[in-house]
Structures are given as C-alpha cells and as structure tokens.
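The sequence and the structure are shown first, and the description follows.

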Amino acid sequence: MNIHEDIHRHETFMRRCLQLASNGVFSAAPNPLVGAVIVYNDLIVGEGFHTAFGKNHAEIEAFNNVKDKSLLQQSTLYVNLEPCSHHGKTPPCVEAILKQGIPRVVIANIDPFPKVRGNGISILKENGVEVIEGVLAEEAAFLNRRFFHFHKNQKPYVILKWAESQDGFMDARRNGEQGINWISGPEAKKLVHTWRASEQSILVGSQTALNDNPSLTVREVSGKNPLRIVIDRNLVVPNDSKIFSNESETIVVNDKLSKTNDTIEWVKFDFSENVIDQLLSLLFERNIISIIVEGGARTLVHFIDEDKWDEARVITGNIFLEQGLSAPELKYFPVLLEKSGSDTIRYFYRT
C-alpha cells in the first residue's frame, strides 16, 4: 500500500470519528466532542463517542462495542482527540489502551487541557504504541473549537447571534409595545433553538428582556436548556418575566446585590470596570465553555467594539422594516452562507 492510500485510509476512519463525536454536541460540554473507531483489517469492529460529562470516554465505548476482544491486539484505534492520561470522573484512557494491547493509535489533535497536553501521546509511545498525529487536524479542531478556545485562552467561546431585515434593522420602531417582532421564519427559529441547545449559556441585555420577554429556552428541538444570563444593572426586569422561570437557571448581572434564590442567582459586578471581562472570567471559573449572545443591539455592539467575540451568526429575514433599530455591523466577510427557509444565514469566524 502506498503512502497516498495510507493517508486516504486514515482520513476515512478519522472522518467517521468526527461524525460520531458530533453526536455529543448537546450533552458533552464542558468536555470535548470525541469519537473513536477501532479498525481490524480495514473493517470497523468497534466504535463509540463521549455522550456526557462523567460518562465513558469515546475510547472505552468503542472497546465495549468490540465483540471479539482478541482482535484488539491487531487493531488500530482512531480517535479525534489525544487520549486522556489523568484521573478525572473516569480512569485514564491511555491505561485502557495499553491494557487492551492496541498497537497503533491515530489521532487528529493534541488535547489542550493542561492535565493531558501531550502526556497521553508520550505515555503511549513510551510503552511501544505507534502514534500517528495530525490526521484531519483542521476539521477536528473546528469541531472542538469551543473546548480548545476555552483551555487555550481561559475564557468561553463567544457566539453572537441576531436577525435583521433586508434593509438592516433588527427590530421595528417601538412605542412602548412589548413582545417579539419576528424577522426570521419558522425554519430559522427551529435552527436557533438547536444553536441554544448546543451552547452552555445564553445572554441578553435588560432592554431585550423587557421588550421581548424571552424565555431563552429550547422549545423547538429536544435538548438541554442553556444557563440564562441577563445583564440588568439596575434590576429593572420584572420578577414575573419568562427569563426567571424554573425551566433553567438564570444569572442576573447587576451592581446592587449578590444572592441566590432557587434557580435565580444575582451576581454583583463593578460596572465602573469592564463588565464583559468580568462576565467571561465568571464563566471560566464555573467551567462554562461557550456562550451565545442574542441581544440586544447595544449588548452585541459592546462585544463587537471590545473584540470579545469568536463567531457570529446573522440571520437575514425576507422582510423590510424601513425604520427601527439598526443591526450591528461586522467588518469581516462571512465564511459561510446558507439558506433556512426564506431566510439567509451568514456565519463569521474569527478563530
């Protein structure tokens, strides 16, 4: 077999790892998305993925799914992230790999987590295991961009999201009315709920909480509600607002008080200092690896002006408002465009 065939084979099985890993998108965080495939004579004999924090890692799931364990000593393990080498909620995966006698491991990315970061690879090599690194590394890193960003930069991955009209407005002119002025269609609405289920936290400012009275939950799809955060400096959002329902936990960032009551926590910030930095530090301390910022315009502009965002998703609806609240502007070109019903979505990436 020549080198090109070898590379193609490795990429084929690694691509299956990435497919498996993506199944954990709604539940794996704050852990990374990891898939594992065990190959014997170019046939997959076992595979698995990491489902949730505290559950079996992908490698263990794959081992458990191999019917004939005698094949393992002649098999190759493909995994998109370096096997762990430390005791956490589960034992180190490198110990299981060595115990099963796997002779070769193919990896996409080195784990940026400080307790691993190359140690897993070193242990495998020191024990005679052939390790091949960097297969589909770019694709794998993009899949785990939240996890990588969190550990490399010690702050959560920030996604900005808003919907705007064809003429660049994200809300109609209001005369004291409350309620959401829908710009996007039902297909995009369902997609947004999928996005919410994929992130650990969601943020709005107090004006959006007052105007739209959003619940910020997952209703259109099956998934876990994110942690809700509202920046409400003067505590003007009424207690009976949907954002305070017991469907999910809520953090209220303010400059008045710090206390906890059932599912609501009030956290006092110093508003004379940078509020976004304080927020990102708080989320890092609580092991929240991602946040999606859904508005309003002033909150989104603060993140943009301070360069505190990593990705943006802009939905353009098939309507014209003619006047109202202007949408933020990004001085970047979109990396990807897609259609969702009658709406267009632009994706911007900074990392």
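Helix α8 gives the most to the lining of the largest pocket, with six residues. The model discussed here is predicted. Besides α8, the elements β6, β7 (169-171), α7 (186-198), β8, α9 and α10 each supply at least two residues of this lining. In total, 50 residues line the largest pocket, and G205, T208, G295, G296 and A297 lie nearest its centre.

| Space | Volume | Lining residues | Residues nearest the centre |
|---|---|---|---|
| Largest pocket | about 1200 Å³ | 50 residues | G205, T208, G295, G296, A297 |
| Largest cavity | about 130 Å³ | 16 residues | A29, N31, L33, R146, I289 |

Is strand β8 largely enclosed or open? Five of the five residues of β8 (residues 201-205) are buried, so this strand is largely enclosed by the rest of the structure. The residues S201, L203 and G205 point one way from β8, whereas I202 and V204 point the other way.

Strand β8 pairs with two strands named here. With β9 it pairs in the parallel sense over five bridges, and three bridges join β8 to β13, which also run parallel. Residue I202 takes part in both pairings: its bridge partner in β9 is R228, and its bridge partner in β13 is I292. Strand β8, helix α8 (residues 206-212) and strand β9 make a right-handed β-α-β unit.

**The largest nonpolar core**

In soluble globular proteins, nonpolar side chains tend to be buried together. In this model, the largest nonpolar core has 32 residues, of which L160, W162, I229, V253 and L279 touch the most other members. Several elements, namely β6 (157-164), β9 (227-231), β10 (250-254), α9 (275-285), β13 (290-293), α10 (297-305) and β14 (311-316), each supply at least two residues of this core. Helix α9 provides the largest share, six residues.

Which residues does V253 contact, apart from its neighbours within four places in sequence? Residue V253 is in contact with I229, V230, I231, D232, R233, V267, F269, F271, V275 and L279. Two of these contacts, I229 and L279, are themselves among the core residues that touch the most other members.

Notes: Residues numbered from 1 in each chain as written. Predicted model: local features only at pLDDT ≥ 70, side-chain atom pairs only at ≥ 80, totals over all residues. Heavy atoms only, no water. Core = buried A, V, L, I, M, F, W, Y, C linked by side-chain atoms within 4.5 Å. Buried < 20%, exposed > 50% of the residue type's maximum accessible area, 1.4 Å probe, protein only. Helix = DSSP H or I, 4+ residues; strand = E, 2+ residues; numbered from the N terminus. Contact = heavy atoms within 4.5 Å. Pairing = 2+ DSSP bridges. Right-handed = clockwise from strand over helix to strand, strands pointing away. 1 Å grid on protein atoms, 1.4 Å probe; cavity = no way out; pocket = protein on both sides within 12 Å on 5 of 7 lines; lining within 4 Å. Points joined across faces, edges and corners; volume = space filled by probe spheres on them.
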